Amino acid sequence: FYGGIEPRTLSTTWAKQPMRAKVLVLLGGLDDETTPYLDSFRSEMRAAQADWRMVLYGKTRHAFSNPKANDPARGHVYDPEADRLSWQELTFFLDELFKAAPL
């Protein structure tokens, strides 16, 4: 959830083998703290051969799912609709990861 996705230098481990963890990234489309790094993040995920998913909530800013962090002067704006949708997306992602094996 609206975490930092600043560019990193790929480690030699990533360069030698694919990333095995699945990644879910949920960001505000108007989040000035993350949107400048979208292209570099995509490049890193591709280089790592990661299984990743990114959802942008178009009209939202940073901290969209935390009502206690609401501070528009800092660009942190709680958005109840994005909060609800992002939790649904997380639930769907976790269900995919941990679905019970057939009996």
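Tutor: Leu94, Leu97 and Phe98 make a nonpolar surface patch of about 290 Å². The areas come from the Shrake-Rupley method with a 1.4 Å probe, and only the protein chains shown count as cover. Please remember that this is a predicted model, where local features need pLDDT of at least 70, side-chain atom pairs count only at pLDDT 80 or more, and totals for chains, interfaces and linings use all residues. Residues are numbered from 1 along each chain as its sequence is written, and side-chain values use heavy atoms, with hydrogens and water left out.

Helix H3 spans 80-98.

Now for the rest of the chain. The protein chain has three helices and two strands (DSSP runs numbered from the N terminus: helices are H or I with at least four residues, strands E with at least two). Their order from the N terminus is α-β-α-β-α. Of the 103 residues, 32% are buried.

The two strands run parallel: S1 (residues 22-28) is joined to S2 (residues 51-57) by seven bridges, and two strands pair if there are at least two. Between S1 and S2 the chain passes through helix H2 (residues 38-47), in a right-handed β-α-β crossover: with the strands pointing away from the viewer, the path from the first strand over the helix to the second runs clockwise. Val25 faces Met54 in S2. Leu27 also belongs to S1, and at 1% relative accessibility Leu27 is buried. The C-alpha atoms of Leu27 and Tyr2 are 4.6 Å apart, although 25 residues separate them along the chain.

Next, look for rings. There are two aromatic pairs (ring centres of Phe, Tyr or Trp, using the six-membered ring of Trp, within 6.5 Å; planes under 30 degrees apart are stacked, over 60 edge-to-face, the rest tilted). Phe41 and Trp52 are edge-to-face, at 5.8 Å centre to centre and 90° between the planes. Because Phe41 lies in helix H2 and Trp52 in strand S2, their pair ties together parts 11 residues apart in sequence. Phe41 is buried at 10%, while Trp52 is partly exposed at 24%. The other pair, Tyr57 and Phe64, has centres 5.5 Å apart and planes at 55°, so it is tilted; both residues are buried.

Last, two loop residues deserve a glance. Most residues other than glycine have a negative phi. Gln49, in the loop between H2 and S2, has a positive phi of about 55° and is exposed, at 56%. Ala63, in the loop between S2 and H3, has a positive phi near 70°, but Ala63 is buried, at 3%.

How values were computed
Buried means under 20% relative accessible area, exposed over 50%, partly exposed in between (1.4 Å probe, protein chains only). Patches are made of residues with over 30% relative accessible area and no salt bridge: like charges are joined within 9 Å, nonpolar side chains (Val, Leu, Ile, Met, Phe, Trp, Tyr) within 5 Å. A salt bridge is a side-chain nitrogen of Lys or Arg within 4 Å of a carboxyl oxygen of Asp or Glu.
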